[in-house]
Amino acid sequence: FKMSISSPHSSESSRRRRPTEHTQSCGNVNNFICPIHHTCDDGWVEIQSKRIISAENEVEANKLVNNYRFGFRKWKSHVTERPFEDRSEVVKELYSELKVIKPHTGHLITCGNIAYLFLFGWWVSLAYFLVSMLMFITVIGLPYGRLCLKLSCYFLWPFGKSIHEVLRCCEQAPDCECNVEEADDNSPVLLPSPTEMPIPDFSGQPQQTPYWHRFSTYAWLLLGYPPLVVVHSLACFLSWILVFTIPVSKMNARTIRVILLLPPEDVSRQGCETRALLCCYHAANWYYYKFTVDGINVFAVNLLPLVIVAMVIGYIDRENQYASSEVKFAIAICSIIPLSYYIGMGIASISAQSNFAVGAVVNASFGSITELTFYITALLRGHRAGNPCLQEVVKAALTGTLLGCILFIPGICMIIGGLRHSEQTFNSRSTGVSSALLFISVGGVFAPTLFSKAYGNLVCDACTNSSGGNGTSNSSGPFICHNCHYDLVIIFFSILVRPLVYTVSALLPIAYIIGLIFTLKTHSHIYNIRVGERQETSHHGAVVHWSRWRSLVILIMATVLTSVCADLVTEHIQPILNQPNISQYFIGVTVLAMVPEIPEIVNGIQFALQNNISLSLEVGICIAVQVCMLQIPILVLFNSFYDVGFVLLFSDLHLWASIFSVILVNYIFMDGKCDYFQGTALVINYFILLALYFYAPSPAGC
């Protein structure tokens, strides 16, 4: 499958086409039919500037198309299994089983191998030495004792060495063909079975006792095998968690599963009638950040156990005897990261396997579920506890998400992409549509705040004058007041401000729907996305990682677990908010706002590295638009049915920081080009705003 996407600039020669040629070719752009009173110059120019992007199958093509649709989650990872033979040699190496002997010409003394010696090698080798002594003491375990001594030397420095299995068929059947060159390295290793019958001795050698009929076997399985399983399991777990040392994890897992269950006489270092079981050259590979398990990145897989840990210590250790509230908060907030990744994978999988309508519904329903779950949970807990500070934390998190998606995500993508590509271009017309929606959304969200400041009453507390008075009528001189804010009387709020909030909350989703219709239906040609005809290849059909039903089940489960983790975050956040040296605003705009968006940041960076900066910019802008046009109206709607005290009025710092960010990012997007300098400007301004929040006092009463 091929998908053609136009670049933002066209050649001069295409602009000099005749109008008749324009009219004839116009209808081929996304089946867009030009009205009679229009010329098709723009459409013809866009056709001439298309570049072809290939997709492996129809499902991947749909996913790529969805990436360019407004309102759809941008997803970098594949939702289908890629043919292994089409992968690069670097990727093939990541999934190798460490049982293929290769001609190695590089150095074996590397930083990763030396790190293995100090992190794993010495204590795994020591464990084998101790087990060998134990087996020697039993006398009947002498063969296993000798094997453990050999393996002790091997695991101290296994690089460039190999472990082989003796092929007994060569000793018992003269016609058996087995040598190192002809043996199939990918064939499964035949493990000993209790039901094996002794094979007649064809070579005249004495018949050996079957594996399961030996006393040494049971002595080994009772005394030697269990401690080594514990040692290898610990090494396997630690090396898997470190990600880049996954080869060490594979080596330990294969040892437990295969080598330690073979008869000791069948395990040798090398021979002409043997088959390789284990061969490792490097303990670390920096490309393992690309490693996936069932389509899920290894980092997300490694973080998933945090969900279980958070629930166990959060609901069992109620008295904080084993873990403090700060630790529980940190584990709970980090557990939201893999759940956000699984939710994104589920949305992308369903959208890629469904039609446009189903994909739009799924994206609208689950696209903001992580953030909404946290916000609603925090508002409910604050209402039940009578703690208005959690409402301010929610507003800070909303503003922090807005600022991070407007400044930080585009900025960091521009920097990383600009370091690889000196200058990147993007479709300024499509980005202009998103920027216009961003202006509308920010203006609508902060309209009640501006209205209240224009017509509310300014109230100041703790006023003093220069003469030392306390602000009474007898005092004279200029007053110095602290904690000034606009106070809304109940009548003014209920008659004017609340109806304005409801009006804005009704208009913003309507604007979002109009934006969807404009970008996906009536003016979809501005994105110039077209899936070409199917290419005949050797791969028939696509094998998806997750089916639609599986994706739906995972979405529901991840949503439920997210609500549980969000409840734990809000339950244990109070000690964090009570820190005297950190503003509650700062906690809201950083930790609570940006941690759930880490998968989106990773996707944006990956797009930028592939010189697809358009998608990197859309990642942040689309999230910001959804915050204003979907998440905030949903919170207002929820508050109207169940009053939790959520009022759509923001502090001055939230107001001016958001307006400044929108103006700045629209100025950066004007020319349709970007580089690392412009990205640095966005990131620096983001950190300046974070500094403002860090030194700002906490909300009044908190």
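1. Let us start with a helix pair: where α16 passes α23, the crossing is right-handed. Please keep in mind as you look around that this is a predicted model.

2. To find these two helices, look for residues 389–420, which make up α16, and residues 598–609, which make up α23. Their axes come within 8 Å and cross at roughly 30°. Angles under 35 degrees count as roughly parallel, so α16 is roughly parallel to α23.

3. Which residues of α16 and α23 meet? From α16 come F408, I409, I412, C413, I416, G417 and R420, and from α23 come I601, G604, I605, A608 and L609. Sorted by class, the residues of this contact are 9 nonpolar, 2 polar and 1 charged.

4. Helix α15 covers residues 369–385 and helix α20 covers residues 548–571; their axes come within 9 Å, with a crossing of roughly 40°. That angle makes α15 oblique to α20. The crossing of α15 and α20 is right-handed.

5. On the α15 side, the residues that meet α20 are I369, T370, T373, F374, T377, A378 and R381. Their counterparts in α20 are T559, T562, S563, A566, D567, V569, T570 and E571. The class count for the contact of α15 with α20 is 5 nonpolar, 7 polar and 3 charged residues.

6. Now to the strands. How many strands form the open sheet, and in what order? There are 3, arranged β4-β3-β5, with antiparallel pairing. The edges are β4 (267–268) and β5 (274–279), each of which pairs on one side only.

7. Strand β3, residues 162–166, runs antiparallel to β5, and 5 bridges join the two.

8. Finally, the aromatic rings. The structure holds 23 aromatic pairs. Which residues do ring pairs link into a cluster? They are Y116, F120, W123, W157 and F159.

Terms used: Residues are numbered from 1 along each chain as its sequence is written. This is a predicted model: local features need pLDDT of at least 70, side-chain atom pairs count only at pLDDT 80 or more; totals for chains, interfaces and linings use all residues. Side-chain values use heavy atoms; hydrogens and water are left out. Rings of Phe, Tyr and Trp (its six-membered ring) pair if their centres lie within 6.5 Å; planes under 30 degrees apart count as stacked, over 60 as edge-to-face and the rest as tilted. Axes are lines fitted to C-alpha atoms, for helices over the stretch in contact, and angles run from 0 to 180 degrees between N-to-C directions. Helices (H or I, at least four residues) and strands (E, at least two) are DSSP runs, numbered from the N terminus. Angles under 35 degrees count as roughly parallel, over 145 as roughly antiparallel, 65 to 115 as roughly perpendicular and the rest as oblique. A crossing is left-handed if the near helix is turned anticlockwise from the far one by less than a right angle, and right-handed if clockwise. Contact means heavy atoms within 4.5 Å. Ala, Val, Leu, Ile, Met, Phe, Trp, Tyr, Cys and Pro count as nonpolar, Asp, Glu, Lys and Arg as charged, and the others, Gly among them, as polar. Two strands pair if DSSP finds at least two bridges between them.
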